[in-house]
Amino acid sequence: ILVGVDKERDKNVFRISESLCDGTWFENEEEIILGSKIAEKLNLKVGDIVTLSTTGAMGFAETLDLEVGGIINSEDPQVNMSQVFVNLSDLDSYLLLEGGATEIAVSDGIPSVASKKLADKVQNIIGPELDAKYYEEVNEDIIAIMNGDKGSSFIMLLFLFIIAAAGISNTMIMAVMERRKENAMLRALGFSRRSIVSLFVLEGTLTGIIGALIGALLALFVM
């Protein structure tokens, strides 16, 4: 989806520039900003040239050669997978839009969220010929998907913690059972029950920490 943005005003509304993971936000003319998944799929990087085919306001075909100025990694997966951004002034010139737009986004100062109350105020100003919709209404499906992903992630983490706890517990039980003779010897040498238990607690703690560090390193390597 080709999206024309006002590079200055967008900083006060969607703040897409804050999601940049590479490059800059329209520092030069004739640039295009790509979603991270699109850039990955097309094997594009900052500085590459993209040929964009679209249709002008009068129905004529237009081909634009634009340089990749930046790549964004947004919290919204749909943006990363399906949207590219071009400076609105460039599109206005190339496609003869004459200042036209299909959507005007307004913010009440809360990043990425416009309240229903604000939408009602805007609706009263613009009249019945245009529709004013608030963020949750327009992006209802996306919000539902994001909330579902958070719930799924929490459940997955919970199961992982349970599995890890069961594994460590099983390891420590086996260690205690296999060291009954050693524990009896320590008792004979004067170690208290509390001291012996502390040794096993320390061993279990170190096992968990080392396992967590190795898992984190492997996760970073895989990602």
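## Charged pairs

K45 is exposed, at 52% relative accessible area (exposed is over 50%, buried under 20%, partly exposed in between, with a 1.4 Å probe and protein chains only). Its side chain meets that of D48 in a salt bridge, 3.6 Å from N to O. The term asks for a side-chain nitrogen of Lys or Arg within 4 Å of a carboxyl oxygen of Asp or Glu, and by this rule the count comes to two.

The other pairing brings together the side chains of D6 and R9, at 3.9 Å from N to O. Here R9 is exposed, with 64% relative accessible area, while D6 is partly exposed, at 32%.

## What you're looking at

This is a predicted model, where local features need pLDDT of at least 70, side-chain atom pairs count only at pLDDT 80 or more, and totals for chains, interfaces and linings use all residues. Residues are numbered from 1 along each chain as its sequence is written, and side-chain values use heavy atoms, leaving out hydrogens and water.

## The nonpolar cores

Now for the inside. The largest nonpolar core has 14 residues, and I32, L34, L66, V68 and V86 have the most contacts within it. (Such a core is a set of buried Ala, Val, Leu, Ile, Met, Phe, Trp, Tyr and Cys residues joined through side-chain atoms within 4.5 Å.) Apart from it lies another core, of eight residues, including I16, W25, I72 and V79.

Take L66 as an example. Skipping neighbours within four places in sequence, L66 is in contact (heavy atoms within 4.5 Å) with E30, E31, I32, D48, I49, V50, L52, V86 and Y94.
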